[in-house]
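Here is a short briefing to read alongside the model. Keep the structure open as you go through the points.

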Amino acid sequence: PPKPKITTAKKPQEFILPERNDGNDLVRGYLRKRGIDNRILDYCINTKRLYEDKDFHNAVFVGFDEKREPKFASVRSIYTNFRMDVAGSDKRFSFFIPGNESGDTLHLFEAVIDLLSYGTLELMKNRDWKREDMLSLGGVYIMREDSDLPLPLKQYLNNHSVKNIVLHFDNDTIGITAAE
């Protein structure tokens, strides 16, 4: 008979942010080419939500917990289609920009670039781009019918009183299914 396979529980990986580059010029240039407004980039860089990593010059998007401790990071190459979450990231604390108003509305996005693009569009309309809370899910997928809410949304709802959620998902099968 086959021998039983013994599995051991994996230790959670330690979350370590990629080392910061001395500047953010390449990441800033990449995101400017993607149409993101400089004021949004300044805000994200100044609040340590965005930086350029030292080794590969990737864009690093950081998510924080309630104590403003980094708990999540997503890495996006500025040269290729490479993207990944940093090992040990806690998906509950995805990329988030708090609103200026203590409102009851959350804008929910599939990806960080969608969130930043929305902010840029708001600025183009001479609106306060940070008026309401904005949260990136860090990707969506087709959920099973018995699935729970995505972790970043569940965490947000545990800590905020919300009456309205505005979905900014792609008009494709995955986006439509996630919205439903």
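Just after H1, Gly35 takes a positive phi of about 95°. This is a predicted model, in which local features need pLDDT of at least 70, side-chain atom pairs count only at pLDDT 80 or more, and totals for chains, interfaces and linings use all residues. Residues are numbered from 1 along each chain as its sequence is written, and side-chain values use heavy atoms, with hydrogens and water left out.

**Faces of H1**
- Helices are DSSP runs of H or I with at least four residues, and strands are runs of E with at least two, numbered from the N terminus.
- Val27, Tyr30 and Leu31 are the buried residues of H1 (buried is under 20% relative accessible area, exposed over 50%, partly exposed in between, with a 1.4 Å probe and protein chains only).
- Seen down the axis of H1, these buried residues fall within an arc of 90° (taken from the directions from the helix axis to the C-beta atoms), so they line one face of the helix.
- On the other side of H1, Asp25 and Lys33 are exposed.
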